[in-house]
Amino acid sequence: MKCSYACHSPEHAIARRHFLGTLGAGTAALAGGFGAMASPAAAKQLASKQKRVVVLFLAGGSSQLETWDPKPKTTTGGPFRAIPTSVTGLHISELLPMTANQMHHLALVRGVNTKENDHGKGRYLMETGRRQTPGSSFPQLGAVAAKALAPKGGALPGHIKIQRGAGGGRSNDAAYLGPEYSAVVLGNGGAPKNSARAGSLTKDKDSQRNAFRRSINDRFAKRRRTAETDAYTNSYEQALQLMEKRSIFDISKEPEKVQQRYGKDQLGQQCLLARRLLENGITFVQVSHSNYDTHNENFNFHLEQMGEFDRSFSALVEDLAQSGMLDSTLIIVMSEFGRTPRINQYFGRDHWGTAWSVCLGGAGLQRGAVVGKTNKTGTAVVDRQVNHEHLFHTYLSAVGLDSKGEFDIGGRPILMAAPTGEPIKELLS
Amino acid sequence: MVFRAGHLIALLMVVVLVEQSRAAEKSSRTDSPLHQKIDRMIRAANVGENEGVCNDSEFLRRLYLDLTGTIPSVSVAKIFLDDQTSDKRAKLIDRLLASPEFARHMARRFDVTLMERRGDKLIKTAQWREYLFQSFLSNKPYDQLAREILGADGVDPKLRPAARFYLDRNGETNLLTRDVGRKFFGKDFQCAQCHDHPLIDDYLQADYYGLYAFLNRSHLFVDAKKKTFFAEKGEGGVTFTSVFEPEEGKKTTRPRLPGQKQIDEPKFKKGEEYKVKPAKNVRPIPKYSRREKLALLATSGKNRAFNENIANRLWAQLLGRGIVHPVDLNHSANPATHPKLLRLLADDLVAHKFDIRYLLREISLSATYQKAIDSPADMEQQATRATATLAELEAKQKPLETALEKASAAAIKLSDQSDAAQAEIAGLEKNHVTLAAALAKSLANLDKQTAARDKTKKDQAARRKLATSLNELAKKASQAALQLPQDKEFVAAAGVLVNRAAKVNAELTSLGNQLTNQETLLKKAGQDLATAKASATGSNQKLVALRKKHAQPYETAMEQVRVARLALEVHKQRIVGANVFARYAKALRAADESATVIAKVRSQEAATLASLAQVGAAMQQAEKDRSAANAARDAAVAKAAQSQQAAKTKQDARDSLHAALAASKAALVKLPGDAVVLEAVAKLESRSDQVSLECTTMQKTAQTDVGMSLKVAQVAVQMQKKRDDMAGDMARLQTEQQALAKTMAKVQAESEPKKSAVLDSRDVLDQRMGRRFTVGSLKSLSPEQLAWSTMQAVGMIDVQRTAEIAAWTKKSKQPYKNTLDQQREIEKAVHAKIRPREGAFVATFGAGGGQPQNEFFATVDQALFFANDGTIRTMIGHSGNNLSARLNKMTDTKVLAEELYLAILTRRPAADEVEQVAAYLAGRKTDRSAAIQEIIWGLISSTEFRFNH
C-alpha cells in the first residue's frame, strides 16, 4: 500500500477557487437556515439536510442504577423503585419520571464496559472513542462532528461547549483536526467572547473601517492570493455575520413559559440554549451537569441532581421530537463511567467502568431500543457487551457518517474512529 | 604509429591545461559561498524561472520578522529605505544576527518547536526560555545545545532548564520517542509504534524501537526534597511485536539511530551496572548511560537525519516551508524537493561546527530568500517551454525505475545472504560468550596462582631470614657448647637451637619446592590465558569480519536503493512539475482556441449586423422611394383625371354649341336671311370653332396626362418590388443573426470551464512554484510574531524602549550609546515588560498545548479578537507617543499616510493610498482621532500585515 501525498500532486491540491466556491455555498446554506427559522416548513427542510449532535455530559460519573438500569429490591439496588416508561416493558429509575414519558424517542445501551475507573482517562475515552495513549492525542466527538458535518465557512462555530463557569474562548480538543474544529466555549452560557461591538464604535463606523480593510486586502490580492489569505479575510466576514446573529445565544428571547419548562437552574438554561443553537444550524453542542462523583450519599445526591436533569432533558427531547429535528439530531447522555453496584459505608457508590449504561436517541437510531444487559445485581454485563469504541462508531453511524472512513490530514489518512471498533448495528435503524 | 616527441609534449601540455582549467572551474564552484550554491541548485531544479527580487521594504520586513520576530520601527525603516549603499542588505543581516532580539526570537521559536506550548510543569517556561536565550546569545553550536537537551538529567543547576524537554513530558517513553524522532531527526515514527508504517516504506517499527531503546531505561526520579530529575537504570531491554504480524513473534533491539545500525554496548555483570545503585531516595547512576550515548551519537555530525533536520528547520524558518515539508515527515514518499541542496546545507552546517548564525546568514544572502512574492510575468512562455520537455522527461523515467528495481533486487539478495549469515553470527556470538567466560576464568586462575606464589615467596623470605639467624645462633651455640661441655643446661639449649635450625631449614627447602611447583603452575596459567585470549580475539575478529562482510555490503546496497528511489522520486517530481506547466499551457491553449472561436462568431455576428444595418438603411431609402413614387403616381393619376374631366366638359360645351349651331341653321332655312339668325349662326360658328379647337387641345392634354400617370404607376410598381426584395433580405439576415447569437451563447458557455481551468491550473502552478522556492512565499505570522509586530506597529515597543533607555541613563548616570551591552540591557527590560502581553495573542492564534504549532488557521474567534477585544482597542488608542498619538498631531495627510504605512506595512504608501487615507479623514473632521484609530485597525487586520514577509 502506498500513500499518495495530496500535498504533492496537483490532482489533490486545493484549488483556491474551489475552496471559495465551497465557502460561498456553505455560507448561503447557513444563511438560509437562519432566515428559515421563522417558518416551520423551512426548519424541517434544514432539519432533514444537516445532521447535529447534542451531548449531555454528567460529570463525575452518574449512577446507572439510579438512572437507566435500576435493580430494585436487590442487595445493590438502593432505595429507589423502577417505573414503567412510554416503551412497553422498559423500566427506568423512578428519579426520571418525565424522561420516562420520552423513552420512545430514545434508546439505551446497558452493557457498557470501558474497563476504566479513572476520571481523566474515562472522560478521555468517552469523548474521543479511544483510550489515551502517550505520544498521541485524538479529537473529541465534537471536533469530529464539526469537521465532518458542519457547513464550511459558516459564521457560527460548528463545535460548542456550554460551560458552567465564566471564561470562554477556544478549547484544546481537536488534536490533529486542527484548532478550527476546537470547541468554542460559551462561559456561563453566554454569547461567544468578543462577539459584541465595543461601545464607542458605532455600526456605521465599524462598516467604514471594514470597508477600508477590504480595500487594502483587494489591493494586496492583486499581487498574491492564496487559500490562506482568503480564509483570513473570510474570517472577518464571518465575525461580522456572527455579531449580527448574536441574539441566538440569548435565551431571554425565549418565552418565560418555555424557560420555566426547561428549569430556571443552570442546566435548564443551558439545555434551552443548546436547543436554540441546534435550531440555528450549529452542528455540535455539549452541555455538562455536575457533580455526580457520589462516593458519599449517592442516593441523596442523585435524588437532587436527577430532579434537575429529568426536567431539562425531557423538555429538550420533547422539543426536538416535536419540531422534527430529532430525526437529524443525535442525543447522547454520557459520563466518564458508572458507579459501583456495591454501596459503601458512606451510602456512596464508587467509580465503576465495568457494567454501566449510556442513553442515546434521535438521528439514525432505533427508537425505544435497548441493547445489552447486566446481571440481576448489576455487577457484570451478561449480554452484548460494548465499549467506548463501539459507542463512538455508533455515534458517527447515527449521523450518517461511515465510521470506518478516514480524514485526510495534510495528506495523512487518519481513521475517524478506533480501527478495532464497530458500530452497534442493532441500534441503527 | 610514430609520435614525434614534440607532438607528444604539446599534446600533454594541452591535456594538462584543459585539466587545470576544469579543476579551477570546479574549485571555484566548490569554493563559492554557500548562498551562491543555494541559488545555483534552486535554479537547476526549479519549476519555472523567476528573477524577481523583492524590494527594499519587503526585504527589510521579511528579514526583521524572520530573524527578530517583529517588524522594524518607523525610524529603522526610514534609515534603511533611504540608505543608498549597495551592501546594505548584507550589513542588515549581520546586524540583526548579532542583536539580542535575534537570540530572543530564536529562543521563542525553539521553545515552541520543542515544547509545543505545553504549560509549566516541572521546569518553568521562563527559565527554559532564558536558557535558550542565553544559548543563542552566545551562539552556542547547535550540536552542543542538542547534546545538552538530549543528555539532560536536571542535576547540574546551570543545565537544569535543558531537562524540560524530558521532564515536562513526564519522562513518558513513547511520547519522548515520538518527539525526539520528530524534533531532532525530522521523522514522525508514531505510526511505527505498533507496526511498520503501513504507507511509508522507510518508517519501520525497528526505527521506532531503536530510538525507544535509548530512552526506555530513563524515568522520572523525585528526591527527598521533592525535586524531580530524569534518572536512568543500568538495565532493561526492548522487545516489540507487530500488531499486523504477531506470528513473527517478539523482536528485540539495542539502541539504534534512524538510518544507522544497532550500537555496540559495554556489558556488565548483573549487579555491577551502576556507579550509584538504585535505592530508596537514591538517584541511580549507571556506569553506561544510553541517553548520554543518544546525545553523543546524534550530535556527532555523522547522523544524516539529525543534520538534515536542523538544516531543514532553519531553512523553513526563513523560506516559510522546508525542503522536506512538513518538517517532521522526512521519508521516501515525501522526499525533499531539493535533496542535494538539503544535503549540502546539512554538510556545510556540520563543517561550520553547527553554527546556526552562519547558516541563517548564508540563506538570507541568497537570491532565493530575497525573491519577490509576485509570480513571474512570462509564465505563459515558460509553460510552453516546459511542455516541450515533457516527452523527454517521461522517456527518462523508465531507466530510473529499472535502476531502482535492480538496486532493490541486489539488496534483497544480500539480505537473504545476510539472513543465512545471521545464524552463523549467532553461533559465533554464543561461542564468543563461552570463550570470554573461559578467558575470564583463566584470568581469575592466574590471579589466584600469582597470589599463592607471592604468598609462598613472602613466607620463604621470612623463613629464610629466620633460618639465617637461627643457623648462625645454632652454630655459635654449638661452638660455645663445645667449650662448656659441663654446662648441661647450655648444651641442651644449644641442642634445641640446632634442632630448631634444622627444622626451619627443612621448612625452607619445602617452601623452595612449593615455589618451584607454583611457578610451574603459574606459567601454565599464563599459557592458558594466552590461549584463551588468542581464541577470544580470533573469535572476535571472525565475528567482526563476518558482521562486516554481511552488514556492510547490505548497508551499501540499501544506501543504493535509497539513492535510486530518491532519484526516481525527484525525477517524478520533475515530471509532475512539467505536467503542472503543461496543464496550464494546455488550459491556456484551450482557452485561446475557445477565444478564437468566440472571436470568429463575434466577427460573423458583426458582419451580419453590419449587413443588416446596410440593408435596413437601403430599405429605408426604398421605402422612401416607394412612397414618393406612389405619391407621384397618385398625383399624376389625379392630374390625368382632372384633365380628362376638363376635356370632357369642354367636349360637352362643344357638342352643345354644335347642336345650337345646327338648330340655328335649321331656323335660317325657315327664316332665310334673318339677320338675327344669320348673326347668331355666324357667332355660333365662330364660337364652335374656337371651342372645338380648345377641346382638341384639352383632349391632347388629357391624353398626355394619362400617359404620364401610367408611366409613374409603373415606377411605383418597380419601387414596391424593390422594397419587397429588400424585406426578404432583411428577414434572411435577421434569421442568420439569431442563429449566430445562439452559437455565441453556446461557445461562450463552453469557454467558461476553459477559463476557470486556466485559473485553477494557474493556482496549482503558483502553489507549486511556491513549494519549489521559485517565488517568495507568503508566510503567516506566528502568534508571537503577530503579537510583537502589532505592538511594534502601534508604537508600544518604541514607547517602552524610550522609557527603558531613560531609566537606564538615570540609573547608570551614563549616556546611552547603543553599544551591544547596552542593547542587551534595554532588550531585556523591554522584553520583560512586553512579554506578558503575548499571552492574549498566543491563546487566540496558537494551537492548543502539546499540539503541532506550525499550521496556519483562521477562525472567527481570532477575527472577533481583532475586531472587539479590549487588548487591541487599548493598543490602538492614544497613549504617550504611540502611533495614534503621533498621527493625531500630523496635519499634512501625506506625512501622516507615510508614517502610518511605514509603521504598519514597512513601506511608503502609493499616491492612491495617500488619497484614500485623506478621503477617510476628510469626512471625519469632528472625530478625527477615532477615524485615525479605525485606519490603524484596518491596516493591522489586513492580509498584507498578516502574511507579507
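Tutor: Let us begin with a definition: two strands pair if DSSP finds at least two bridges between them. Please keep in mind throughout that this is a predicted model.

Student: Which residue of β12(A) stands opposite A:Ile332?

Tutor: Strand β9 (residues 329-334) of chain A is joined to strand β12 (residues 356-362) of chain A by four bridges, and the two run antiparallel. Within this pairing, the residue of β12(A) that stands opposite A:Ile332 is A:Leu360.

Student: In which sense do strand β1 of chain A and β9(A) pair, parallel or antiparallel?

Tutor: A:Val53 is the residue that stands opposite A:Leu330 of β9(A). Strand β1, which covers residues 52-58 of chain A, and β9(A) share six bridges, and the sense of their pairing is parallel.

Student: How are α16(B) and α17(B) oriented to each other?

Tutor: Helix α16 (residues 379-395) of chain B packs against helix α17 (residues 397-483) of chain B with the axes 4 Å apart and an angle of about 25 degrees. The contact involves B:Leu393, B:Glu394 and B:Ala395 from α16(B), together with B:Gln397, B:Lys398 and B:Pro399 from α17(B). Because angles under 35 degrees count as roughly parallel, the orientation of α16(B) and α17(B) is roughly parallel.

Student: Why does the ring pair of A:Tyr236 and B:Trp937 join two chains, and what kind of pair do the rings form?

Tutor: A:Tyr236 belongs to helix α7 (residues 227-244) of chain A and B:Trp937 to helix α29 (residues 928-940) of chain B, which is why the pair joins two chains. A:Tyr236 counts as buried at 3% relative accessibility, and B:Trp937 is buried with a relative accessible area of 2%. The ring centres of A:Tyr236 and B:Trp937 are 6.1 Å apart and the planes lie at 70 degrees, so the kind of pair is edge-to-face.

Student: Which residues do ring pairs link into a cluster?

Tutor: Rings pair if their centres lie within 6.5 Å, and by this rule the count over all chains comes to 33 aromatic pairs. The cluster linked by ring pairs consists of B:Phe110, B:Phe136, B:Tyr142, B:Phe185, B:Phe306 and B:Phe354.

Note on methods
Residues are numbered from 1 along each chain as its sequence is written. Chains are lettered from A and ligands numbered from 1 in the order in which they are written. This is a predicted model: local features need pLDDT of at least 70, side-chain atom pairs count only at pLDDT 80 or more; totals for chains, interfaces and linings use all residues. Side-chain values use heavy atoms; hydrogens and water are left out. Axes are lines fitted to C-alpha atoms, for helices over the stretch in contact, and angles run from 0 to 180 degrees between N-to-C directions. Angles under 35 degrees count as roughly parallel, over 145 as roughly antiparallel, 65 to 115 as roughly perpendicular and the rest as oblique. Contact means heavy atoms within 4.5 Å. Rings of Phe, Tyr and Trp (its six-membered ring) pair if their centres lie within 6.5 Å; planes under 30 degrees apart count as stacked, over 60 as edge-to-face and the rest as tilted. Buried means under 20% relative accessible area, exposed over 50%, partly exposed in between (1.4 Å probe, protein chains only).
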